[in-house]
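Biologist: Please put the model on the screen, and I will ask about its helices and sheets.

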Amino acid sequence: MASIWHDGLFAAALAGGRMNFLSLITGSFAMPAAENPTVAMMDAAYAHHRVDARYINCEVPPEKLGDAVRGARAMGWAGFNCSLPHKVTVIEHLDGLGESAAIMRAVNCTVLRDGKLIGENTDGKGFLKSLREVVDPAGRNVVIFGAGGAARAICVELALAGARSITVVNRGRTRGEELAGLVGERTPANVAYAPWTTNYAVPENTDIVVNATSIGLYPDVDARLDLDPASLRPGMVVADIIPNPPRTRLVREAEVRGCTVLDGLGMLVNQGVINIKYWTGVDADAGVMRRRIEQIFGV
Ligand code: NDP
């Protein structure tokens, strides 16, 4: 694959008459970084669209983050993703924040715009893009399980997209209330915390149910959300953000109940699509990226 891509790119570089071997550089700063499959998905998209760009997966410890960002600026990187543990601390090294990143105070994608390094959050935007393939959240009632970083990103985007109500159900009350308070204060949405009671029944008027906890993530693949399966009704959209395995117990149970389901690969792939749009202006083919990820996860 790599050699085909390189041959193709060099051919493209030479075909125009003028040689150009200077690629656009993008990548990721995280720790640990070795198990992050994003690079494979991004390379597949760059190769498919014949974009002369590289995605470099870098392991950056917290105390080196400032140096890494200065290095990326010095080398003219088009931008980079940030994963744990840098999503919040990277902000002090940036020149500004996009709207939703400013509300959630977390950045997973930086973009060089007019010489300024701007922090965006494409996790929630990726979720939204994936959700919009089946339902527009505007005017809808949402129940979201979880109040961690991913839940925060999703809640803010759903609120900005005009969701009528968002109920945050979380095991830990403090985190749940904090998230509901933050989104309720900073957006027009009606957001409330609800305690996670045993065999939680999703309210009847719910349109969209989201699992944004880590329940079901490999290797604990049989773990299930403590909710009443009978409260999942046909017509509801049930989205799980667990990317591996994509067919979680929640996805399977919701499918049996006649719900429209979304798996976590949609969010993963679509945040990559948005990153590529930010960095290169190209509308990447989500199918190509999804197939590469499915190949990696063996699904
Ligand atoms: P965090 O650690 O910030 O939050 C974890 C959340 O899960 C908290 O709300 C926590 O509740 C809850 N939780 C964990 N274990 C349990 C349990 N046994 N019972 C009830 N609640 C539980 O993680 P993130 O928000 O960053 O990530 C959450 C998941 O989302 C991960 O599995 C990650 O893989 C996935 N993800 C997927 C993405 C995608 O593109 N598909 C993108 C980003 C994340 P409490 O507050 O009570 O501890």
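Predicted model: local features only at pLDDT ≥ 70, side-chain atom pairs only at ≥ 80, totals over all residues.

Biologist: Are α2 and α9 oblique or parallel to each other?
Modeller: Helix α9 spans residues 264-280, and its axis comes within 10 Å of that of α2. The two axes cross at roughly 50°, and the crossing is right-handed. An angle between 35 and 65 degrees is neither roughly parallel nor roughly perpendicular, so α2 and α9 are oblique.

Biologist: Which residues of α2 meet α9, and which residues of α9 do they meet?
Modeller: On the α9 side the residues are L268, V269, G272, N275, I276, W279 and T280. By class, this contact has 8 nonpolar, 3 polar and no charged residues. On the α2 side the residues are M41, M42, A45 and Y46.

Biologist: How do α2 and α10 lie, oblique or antiparallel?
Modeller: Helix α10 covers residues 286-297, and its axis is 8 Å from that of α2. The helices pack at an angle of about 140°, and their crossing is right-handed. Roughly antiparallel requires an angle over 145 degrees, so α2 and α10 are oblique.

Biologist: How many nonpolar, polar and charged residues does the contact of α2 with α10 have?
Modeller: From α2 come A40, M41, M42, A44, A45 and H48. They meet V288, M289, R292, I293 and I296 in α10. By class, that makes 9 nonpolar, 1 polar and 1 charged.

Biologist: Which residue with a positive phi follows α2?
Modeller: Its phi is near 50°. The residue is R50.

Biologist: Which strands are at the edges of the sheet with parallel pairing?
Modeller: This open sheet has 6 strands in the order β9-β8-β7-β10-β11-β12. Neighbouring strands are turned by 20° against each other on average, direction ignored. An edge strand pairs on one side only, and here the edge strands are β9 (190-195) and β12 (260-262).

Biologist: What is the bridge partner of A239 in β12?
Modeller: Strand β11 takes in residues 237-240 and runs parallel to β12. The two strands are joined by 3 bridges. In β12, A239 has as its bridge partner L262.

Biologist: Is T260 buried, exposed or partly exposed?
Modeller: T260 sits in strand β12, and it touches V134, M236, V237 and V238, leaving aside residues up to four places away in sequence. Its relative accessible area is 35%. Buried needs a value under 20% and exposed one over 50%, so T260 is partly exposed.

Biologist: How far apart in space are T260 and G96?
Modeller: In sequence, 164 residues separate T260 and G96. From C-alpha to C-alpha, the distance is 38 Å.

Biologist: What is the pairing in the sheet that contains β4, and which strands are its edges?
Modeller: The order in this open sheet of 6 strands is β2-β1-β3-β5-β6-β4, and the pairing is mixed. Strand β4 runs parallel to β6 (residues 116-120), with 2 bridges between them, and L97 has G119 as its bridge partner in β6. The edge strands are β2 (53-59) and β4 (96-97).

Biologist: Which strand runs parallel to β3, β1 or β5?
Modeller: Strands β3 and β5 (residues 109-113) are joined by 3 bridges and run antiparallel, with F80 opposite T110. On another pairing of β3, T26 stands opposite G79. There, 4 bridges join β3 to a strand running parallel, which is β1.

Biologist: Which residues of β3 point the other way from G79 and N81?
Modeller: G79 and N81 point one way from the strand, and these residues are buried. Those that point the other way are buried too, and they are F80 and C82.

Biologist: Which strands does helix α3 lie across?
Modeller: Helix α3 covers residues 65-74 and runs at about 175° to β1. The strands it lies across are β1 (24-30), β3 (79-82) and β6.

Methods
Residues numbered from 1 in each chain as written. Heavy atoms only, no water. Axes fitted to C-alpha atoms, helices over the stretch in contact; angles between N-to-C directions. Parallel < 35°, antiparallel > 145°, perpendicular 65-115°, else oblique. Left-handed = near helix turned anticlockwise from the far one by under 90°. Contact = heavy atoms within 4.5 Å. Nonpolar A, V, L, I, M, F, W, Y, C, P; charged D, E, K, R; others polar. Pairing = 2+ DSSP bridges. Buried < 20%, exposed > 50% of the residue type's maximum accessible area, 1.4 Å probe, protein only.
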